[in-house]
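Work through the exercises below with the coordinates open. Each task is followed by a stepwise solution.

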Amino acid sequence: MRGRIISRDVYGGAIFVLIGLVILVQGRGFGIGTLAQVGSGLFPVVLGVVLMGLGALIALGGIVSSDSESESVPPMQWKGFAAIISGVVAFIAIGNLFGLAPAAFSCVFISALGDRTATVKSAAILATVMTLFALCFFSYFLNVQFPVLQLPTSWGSS
Amino acid sequence: MISAALVDLWHGFEVALQPSNLMWCFIGVLFGNLVGVLPGMGALAAISLLLPLTFAMKPVAAILMLAGIYYGSQYGGAICSILLNLPCHPPHAVTCLDGYPMTQQGRGGAALGITMLSSFIGASFGITEMIFFAPILVEFAFKFGAADICSLMLLGLLSGSTLAKGSPLKGVAMTALGLVLALVGTDVNTGQHRFTYGIDHLYEGIEIVALALGVFGIAEFLKSVNNLAPINTKYTAVSLRDMKPTRSELRRAIPAAFRGTLIGSLCAMIPGTGPTIASFVAYAAEKKISKTPERFGTGAVEGVACPEAATHSSVQGDFIPTMSLGIPGDAVMALLLGALIIQGIQPGPQLVREHPDIFWGLIASFWVGNILLIFLNVPLIGLWVKLLTVPYRYLYPSALLFICIGVYSSHNDLFAVGETLVIGVAGFVLIRLGFHPAPMLLGFVLGSQFEENLRRALVLSQGDLTTFVERPISATFLAIASTLIGAKLFFHFRNRSTKATPLSGLAKIVQHV
């Protein structure tokens with residue numbers, strides 16, 4: 001476990017150094033200006049430097065010792081991740097093409113399948129209930145502007 | 001001064017007791033309580049979920065409802081930690097220490113009753129403090145120039161970021177990342193597009209709703225799916241009658257609650273210490289002055305009353321800088337300010353004068369809301385207990401749907417949903433690497449104002465950086481900020497050499513939450 005905890009901080013620090021670098025390089029392109037007449041780029045450049053510094057310190061801390069983190073890392077749940085992410089993607093894609101009702105159903109159905117104990121039947125029941133609730137609450141009660149059901153032909157024109 | 005405050009407060013009650021405002025406050029505390037009870041959900045998720053709904057509401061109603069969600073979820077979280085030993089919200093970690101043993105001994109209901117009573121005592125004191133302290137702070141804040149505001153924000157950001165659990169260095173890094181995210185969009189001074197990469201949806205910047213629901217919604221689900229420990233519902237049979245504490249329990253709990261209140265309000269005044277630290281300090285102090293310290297950890301009522309009162313008085317104290325200076329103390333406050341900004345109201349010292357309805361209405365609604373909560377919690381305790389057992393496999397898909405529709409409804413735009421997903425996945429990666437997302441929101445909300453004031457200060461001083469240390473107010477803030485960093489470093493290195501201090505042991509518990 002020890003080796004893994006050390007590498008966690010090194011990765012985290014490295015990500016921040018990288019973000020800082022991108023901000024720094026792009027920020028310079030916005031025009032730094034002078035201190036009396038600050039341009040759009042000064043604050044990004046300063047933040048880029050700060051992020052790089054903090055990232056380097058975090059990474060260094062990870063190399064030197066493993067003291068900073070005592071949390072245990074739970075195992076990765078790839079099935080759950082895939083279900084949740086595709087649930088949202090399905091909401092966007094199907095919502096764009098067919099409207100709210102099918103989008104809501106597929107979002108809940110797909111994401112519910114990610115749970116270890118879920119079955120197709122339990123996910124379908126939950127999805128039906130939640131879709132009906134969402135239609136009543138958001139479309140009817142709150143009047144959210146989202147076509148409940150539409151044909152894909154209107155895609156692009158709406 | 002005092003009589004003026006009382007007149008204003010009277011006006012505040014008139015605002016808070018208007019039927020429509022009262023209704024929103026009620027909806028807020030009800031929903032907050034409900035979500036706070038649900039396993040794996042907390043105040044941040046609850047507020048983020050309802051944030052899109054507030055866009056169409058009047059500012060006063062919106063802020064009353066959001067504040068209601070906040071303290072409602074605190075009550076809900078207390079139920080969760082006492083009956084299930086699951087602290088959903090960090091300050092409640094201490095409440096578990098004695099609350100859960102009380103549950104195991106069949107006194108869980110009494111622990112809940114004591115919690116409600118102590119929270120109310122703590123909150124009431126905090127509110128009173130706010131009534132008299134905030135206007136003084138506002139008068140003082142009108143003297144601030146751009147450089148002073150800038151230093152104050154730096155202090156606020158630093159103390160907010162070191163507050164979060166985990167390593168302070170990572171907290172500061174996340175705050176800086178929040179500042180970077182606030183850069184995205186059109187620069188108000190020059191009209192230049194920054195970090196938009198040609199995507200016109202980003203010209204107006206990243207949506208605060210997308211950011212909040214990404215990191216407190218989607219990222220949390222990714223973290224918890226199939227990883228949530230099974231819930232032990234053995235002790236959750238609590239009825240209304242069980243909630244009445246015995247006379248001897250009350251005799252021990254009430255003085256403890258008052259001591260906790262004092263500790264909490266002191267902690268609220270020191271930058272860098274918030275509700276979580278207040279609750280730990282209160283618990284440690286109560287144990288120290290107790291004649292029977294060995295009872296602590298085995299179900300001592302004082303161990304429940306004191307930290308709960310400290311938490312709530314400190315939470316109310318946090319509203320003081322948020323509402324009077326526009327500097328949020330933590331992510332929850334940042335979300336509240338974000339909601340105000342969306343409504344077109346600029347937070348800051350002018351808020352009290354320009355929008356007395358919001359300021360005094362909010363203060364009055366704290367009391368109204370807390371009383372509503374007691375009325376809600378006493379008869380509904382059976383329902384809350386049932387909610388504790390809702391399985392996560394029903395919860396997260398439903399909440400995910402609400403997130404999608406909520407984010408969509410803020411601009412009737414599916415792009416924002418995609419934005420939320422990207423932020424959520426990125427946030428999850430950072431959570432896995434041990435970074436906590438709350439400070440990021442603080443940086444995000446203050447980001448544009450921080451840059452704006454920095455630029456203005458430099459223009460006024462004609463590019464002279466010494467303005468930040470030459471102006472006495474600014475210099476004071478910077479001095480406090482450096483003291484804060486120094487203290488953090490000192491404790492960091494001291495804890496490393498002597499591992500077995502009692503506070504570091506408590507800090508370990510926080511990290512596990």
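The model is predicted.

**Exercise 1. In which helix is B:Thr420 found, is B:Thr420 buried or exposed, and which residues does B:Thr420 touch?**

Solution. 
- Step 1: locate the residue. B:Thr420 belongs to helix 17 of chain B, residues 415–432.
- Step 2: classify the accessibility. The cut-off for buried is under 20% relative accessible area. B:Thr420 has 1%, so B:Thr420 counts as buried.
- Step 3: list the neighbours, leaving out residues up to four places away in sequence. B:Thr420 touches B:Ala210, B:Leu213, B:Gly214 and B:Ile218, among others. B:Ile403 and B:Val407 are also touched by B:Thr420.

**Exercise 2. How do helix 3 and helix 13 of chain B pack, and which residues meet?**

Solution. 
- Step 1: take the ranges. Helix 3 of chain B covers residues 43–54, and helix 13 of chain B covers residues 331–342.
- Step 2: read the geometry. The two helices pack at an angle of about 10°, and their axes are 10 Å apart.
- Step 3: name the arrangement. Angles under 35 degrees count as roughly parallel. Helix 3 and helix 13 of chain B are therefore roughly parallel to each other.
- Step 4: list the contact residues. Helix 3 of chain B brings B:Ala43, B:Leu44, B:Ile47, B:Ser48 and B:Leu51. These meet B:Ala331, B:Val332, B:Leu335 and B:Ala339 of helix 13 of chain B.
- Step 5: sort them by type. The contact of helix 3 with helix 13 of chain B has 8 nonpolar residues, 1 polar and no charged.

**Exercise 3. What are the elements, the radius of gyration and the surface of chain B?**

Solution. 
- Step 1: count the elements. Chain B has 21 helices and 2 strands.
- Step 2: compare with the globule rule. The radius of gyration of chain B is 22 Å, close to the 24 Å given by the rule for 513 residues, so chain B is as compact as a globular protein of that length.
- Step 3: The C-alpha trace of chain B spans about 65 × 55 × 50 Å along its principal axes.
- Step 4: state the burial. In chain B, 60% of the 513 residues are buried.
- Step 5: examine contact range. Of the contacts in chain B with a separation of 6 or more, 80% come from residues 24 or more positions apart.
- Step 6: Chain B has an accessible surface of about 19000 Å², with 68% belonging to carbon and sulfur atoms.

**Exercise 4. What are the elements, burial and surface of chain A?**

Solution. 
- Step 1: count the elements. Chain A has 5 helices and 0 strands. The order from the N terminus is α-α-α-α-α.
- Step 2: state the burial. Of the 158 residues in chain A, 41% count as buried.
- Step 3: examine contact range. For contacts in chain A between residues at least 6 apart in sequence, 61% join residues at least 24 apart.

Definitions and conventions: Residues are numbered from 1 along each chain as its sequence is written. Chains are lettered from A and ligands numbered from 1 in the order in which they are written. This is a predicted model: local features need pLDDT of at least 70, side-chain atom pairs count only at pLDDT 80 or more; totals for chains, interfaces and linings use all residues. Side-chain values use heavy atoms; hydrogens and water are left out. Helices (H or I, at least four residues) and strands (E, at least two) are DSSP runs, numbered from the N terminus. Buried means under 20% relative accessible area, exposed over 50%, partly exposed in between (1.4 Å probe, protein chains only). Contact means heavy atoms within 4.5 Å. Axes are lines fitted to C-alpha atoms, for helices over the stretch in contact, and angles run from 0 to 180 degrees between N-to-C directions. Angles under 35 degrees count as roughly parallel, over 145 as roughly antiparallel, 65 to 115 as roughly perpendicular and the rest as oblique. Ala, Val, Leu, Ile, Met, Phe, Trp, Tyr, Cys and Pro count as nonpolar, Asp, Glu, Lys and Arg as charged, and the others, Gly among them, as polar. The radius of gyration is taken over C-alpha atoms; the globule rule is 2.2 Å times the number of residues to the power 0.38. Accessible areas come from the Shrake-Rupley method with a 1.4 Å probe; for residues, only the protein chains shown count as cover.
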